[in-house]
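Here is a friendly note to read alongside the model. Please keep the structure open and follow the points in order.

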Amino acid sequence: LCAEIIEADPLDAAAHYVRALTLEQSGDRAQAADRHRTAAFLDPAFAMPRLQLGLLARRSGDEASARRELGRALVLLEREDPARIALFGGGFGRGALMALCRAALADIGGER
């Protein structure tokens with residue numbers, strides 16, 4: 001379905017984000033990161049792709065990228081649309097997602 005949406009509207013950041021999540025679940029982290037970057041490029045105010053990029057970078061040991069992406073996600077989450085958090089936050093609210101960012105940053109020696 002995501003492929004069909006992207007084919008019809010290649011500028012749909014949400015479709016790229018959801019596609020990235022499916023790629024992560026199938027173990028294709030490189031393609032997932034590419035889709036997350038595309039979603040973040042298409043919609044610079046969309047926090048969730050930045051959060052996922054930060055978590056992927058942290059898992060791969062790229063602490064500099066993880067700090068950058070998680071820090072950006074924190075800023076974006078503060079002003080993210082509540083409806084978009086409800087749709088794409090995996091059942092977590094703004095506070096929980098921000099706490100996840102802070103915990104991941106603290107784990108790699110980043111800011112809280």
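1. The angle between H2 and helix H3 (residues 29-42) is about 165°, and their axes lie 8 Å apart. Axes here are lines fitted to C-alpha atoms, for helices over the stretch in contact, and angles run from 0 to 180 degrees between N-to-C directions. Helices (H or I, at least four residues) are DSSP runs, numbered from the N terminus.

2. Before going further, please note that this is a predicted model, in which local features need pLDDT of at least 70, side-chain atom pairs count only at pLDDT 80 or more, and totals for chains, interfaces and linings use all residues. Residues are numbered from 1 along each chain as its sequence is written, and side-chain values use heavy atoms, with hydrogens and water left out.

3. On the H2 side the contact (heavy atoms within 4.5 Å) includes Ala13, His16, Tyr17 and Arg19, and on the H3 side Gln31, Ala32, Arg35 and His36 are among the residues. Sorted by class, this contact of H2 with H3 has eight nonpolar, four polar and three charged residues. In this scheme Ala, Val, Leu, Ile, Met, Phe, Trp, Tyr, Cys and Pro count as nonpolar, Asp, Glu, Lys and Arg as charged, and the others, Gly among them, as polar.

4. H2 also packs against H4, and these two are roughly parallel to each other. Their angle is about 25°, with the axes 10 Å apart, and the crossing of H2 with H4 is left-handed. Tyr17, Leu21 and Glu24 of H2 meet Met48, Pro49, Gln52, Leu56 and Arg59 of H4. Five nonpolar, one polar and two charged residues make up the contact of H2 with H4.

5. Gln52 deserves a look of its own. Is Gln52 buried or exposed? With a relative accessible area of 12%, Gln52 is buried; buried means under 20% relative accessible area, exposed over 50%, and partly exposed in between (1.4 Å probe, protein chains only). Gln52 sits in helix H4 and touches Tyr17, Leu21, Glu24 and His36, not counting residues up to four places away in sequence.

6. Next comes the pair H5 and H7, which are roughly antiparallel to each other. They pack at an angle of about 160° with axes 9 Å apart, and H5 passes H7 in a left-handed crossing. Among the residues that meet are Ala66, Arg67, Leu70 and Gly71 in H5 and Arg94, Leu97, Met98 and Cys101 in H7. The contact of H5 with H7 divides into ten nonpolar, one polar and five charged residues.

7. Leu74, found in helix H5, is buried at a relative accessible area of 11%. Setting aside neighbours within four places in sequence, Leu74 is in contact with Met98, Cys101, Arg102 and Leu105. Gly71 also lies in helix H5, but counts as partly exposed at 24% relative accessibility. Gly71 touches Ala66 and Leu105, not counting residues up to four places away in sequence.

8. Which residues touch the most other members of the largest nonpolar core? In this core of 23 residues they are Met48, Leu51, Leu70, Leu77 and Cys101. Helix H2 (13-25), helix H4 (47-60), helix H5 (63-79), helix H6 (82-88) and helix H7 (94-107) each give two or more residues to this core, and H5 gives the most, with six residues. A nonpolar core is a set of buried Ala, Val, Leu, Ile, Met, Phe, Trp, Tyr and Cys residues joined through side-chain atoms within 4.5 Å.

9. Finally, look at the other end of the scale of accessibility. Glu4, in helix H1 (residues 2-8), is exposed, with a relative accessible area of 58%. Glu4 and Ala15 are eleven residues apart in sequence, and their C-alpha atoms are 9.3 Å apart in space.

Definitions and conventions: Angles under 35 degrees count as roughly parallel, over 145 as roughly antiparallel, 65 to 115 as roughly perpendicular and the rest as oblique. A crossing is left-handed if the near helix is turned anticlockwise from the far one by less than a right angle, and right-handed if clockwise.
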